[in-house]
Amino acid sequence: MKTKLLAIICAVLALVSCSQDRVIRVKTPARPAGQQDVIGLTAEPIDTVRIGFIGLGMRGSSAVYRFARQPFTKIVALCDVEPDRIEHSQANLRAAGLPEAAAYSGSEEVWKQVCERDDIDLIYVCTDWKSHAAIGVYAMEHGKHVAIEVPAATSLEEIWALVNTSERTRRHCMQLENCCYDFFEMSALAMAQSGDLGEIIHAEGSYCHNLDQVWPRYWRSWRLDFNQAHGGDVYPTHGLGPVCQVLNIHRGDRFRTLVAMDTDPFNGPKHWKAFGGKPGEFAGGDQTSTLIRTEKGKTILIEHDVMTPRPYSRMYQLVGTDGYAAKYPVHQVCQRSEGAGEVDYENLQGEKVFNDAQADSVLARYPVPILTEELESLARKVGGHGGMDFIMDYRLIYCLRHGLPLDMDVYDLAEWCCLGELGAMSIAAGSAPVEVPDFTRGAWDKVKGFSYAL
């Protein structure tokens with residue numbers, strides 16, 4: 001019996017040793033000579049921000065509509081491979097009483113001409129994912145600040161190209177993560193920063209959105225093609241961005257390791273075939289889960305599912321030592337109850353629970369420093385996912401006009417986009433842990449806590 005028990009113990013120890021050795025090391029390249037980090041990067045103030053829009057599909061045309069109603073901006077150029085999309089946005093400008101912008105179309109590389117203009121301050125990128133990083137790099141190399149739709153990069157190679165170019169050129173490179181400006185997320189951030197939830201030790205986020213009705217709208221089915229060719233969480237930033245702000249990622253903490261797991265692709269190949277995809281392996285699982293551990297011992301769970309009829313959810317949840325806030329699946333705030341009291345084993349709810357309107361009333365006690373009544377009213381009127389898109393744009397322009405650091409920098413972009421390739425590495429290795437590079441290259445603890453520049 002003792003011999004058998006010893007054999008079992010030895011087997012367990014062997015597995016533990018093996019699991020330690022299975023950590024996938026990912027190299028952080030040295031910072032190129034002469035470069036410095038861009039933590040807290042500022043640039044010369046710009047009184048009127050002159051903008052060139054590249055990509056005028058679903059997201060780009062909406063952005064032009066919003067910016068036609070955004071003060072202190074001038075829309076200089078519109079660019080898309082499809083001329084009718086340019087005309088649609090020109091009509092938006094005319095309807096807003098604005099002059100038409102210079103039009104660029106007819107070639108898949110005509111966007112370079114927009115970046116090369118000397119009368120543009122900001123390039124706003126809303127093309128397909130595969131071209132995001134290339135446009136961002138080229139724009140910065142031509143002296144422009146750049147704002148890129150999510151995900152701004154789809155590989156570590158693209159991430160490092162954007163980081164290095166931003167550091168070298170000292171140009172802002174912001175990922176357009178609108179969910180950081182949703183009203184619940186901003187209020188929950190303020191509540192967390194007040195300390196009333198205790199220390200936030202775990203957070204969850206996701207992008208669960210059934211795209212059955214949306215697949216036909218993607219130009220040449222580029223999004224399905226991307227899911228076919230890539231594993232890991234290819235669209236993590238909507239859930240990840242807001243929780244990273246709460247957890248002060250690269251502002252006192254950093255990602256240390258991640259583990260990813262996915263289902264087989266059950267629905268993905270059906271969609272791909274329906275839109276003309278060629279027979280072959282489909283890399284993206286229908287459901288992908290990624291678990292991250294930070295340097296300070298916190299955890300984050302991120303999920304991605306665009307293939308099933310699961311109800312829409314960004315799974316936004318904050319778990320603190322003394323409280324809890326969630327937008328999905330239940331709109332809820334919980335706080336620790338005082339005193340032990342008598343245990344009711346039929347009702348194990350031992351916390352103060354506030355749902356829906358009550359939760360909103362609790363969160364209203366925590367004012368958002370960047371949100372005035374006037375801005376909120378205008379944002380809700382103009383719209384863009386309920387107003388959060390307008391606030392995102394407003395903050396970008398505000399910071400550029402006043403020469404302030406942006407709310408989201410190139411390292412946020414890097415950290416929030418890296419789940420794609422790193423998650424694919426983990427999945428390919430049987431869900432082995434993967435080290436997350438320090439995209440700040442040592443500067444992750446320079447700033448203590450996330451804050452808005454005012």
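This report describes the overall build of a predicted model and then some of its individual residues.

## Basis of the description

Because the model is predicted, local features are reported only at pLDDT of at least 70 and side-chain atom pairs count only at pLDDT 80 or more, while totals for chains, interfaces and linings use all residues. Residues are numbered from 1 along each chain as its sequence is written, and side-chain values use heavy atoms, with hydrogens and water left out.

## The chain as a whole

The chain has 15 helices and 15 strands, where helices (H or I, at least four residues) and strands (E, at least two) are DSSP runs numbered from the N terminus. The radius of gyration of the chain is 23 Å, close to the 22 Å that the globule rule gives for 454 residues, so the chain is as compact as a globular protein of that length; this radius is taken over C-alpha atoms, and the rule is 2.2 Å times the number of residues to the power 0.38. Along its principal axes, the C-alpha trace spans about 85 × 55 × 50 Å.

Of the 454 residues, 55% count as buried, a term that means under 20% relative accessible area, with exposed meaning over 50% and partly exposed in between (1.4 Å probe, protein chains only). The accessible surface of the chain comes to about 20200 Å², and 53% of it belongs to carbon and sulfur atoms; such areas come from the Shrake-Rupley method with a 1.4 Å probe, and for residues only the protein chains shown count as cover. Among the contacts (heavy atoms within 4.5 Å) with a separation of 6 or more, residues 24 or more positions apart account for 75%.

## Helix H5

Among the buried residues are Trp129, His132, Ile135, Tyr138 and Met140.

At the N-terminal end, H5 is capped by Asp128, which has a side-chain oxygen 3.1 Å from the backbone nitrogen of Lys130. After H5 comes Gly143, with a positive phi near 80°.

## Buried residues and their partners

His202 has its place in strand E7 (residues 200–208) and counts as buried, at 16% relative accessibility. Its side chain is joined to that of Thr299 by a polar contact of 2.7 Å, a polar contact being a pair of N or O atoms within 3.5 Å; within protein, one must be able to donate a hydrogen and the other to accept it, and residues adjacent in sequence count only if both atoms are side-chain atoms. Neighbours within four places in sequence aside, the residues in contact with His202 include Ile300, Leu301, Gln317 and Val319.

Arg441, in the segment after strand E15 (434–435), is also a buried residue, with 16% relative accessibility. The side chain of Arg441 makes a polar contact of 3.1 Å with the side chain of Glu167, and a polar atom of the Arg441 side chain lies 3.4 Å from the backbone oxygen of Ala30. Asp37 lies in the loop between helix H1 (2–21) and strand E1 (49–54) and is buried, with a relative accessible area of 16%. The side chain of Asp37 reaches the backbone nitrogen of Ile39 at 3.0 Å and has a polar contact of 2.8 Å with the side chain of Lys446. Leaving aside neighbours within four places in sequence, Asp37 is in contact with residues including Glu167, Arg170 and Tyr411.

## Backbone features in the loops

Two cis peptide bonds can be described here. One runs from Val150 to Pro151, with omega near -15°, and Pro151 is found in the loop between strand E5 (145–148) and helix H6 (156–169). Another joins Tyr328 and Pro329, with omega about -10°; Pro329 belongs to the loop between strand E12 (323–326) and strand E13 (332–336).

Positive phi values in residues other than glycine are found at Phe72, near 65°, and at Ser221, near 55°.
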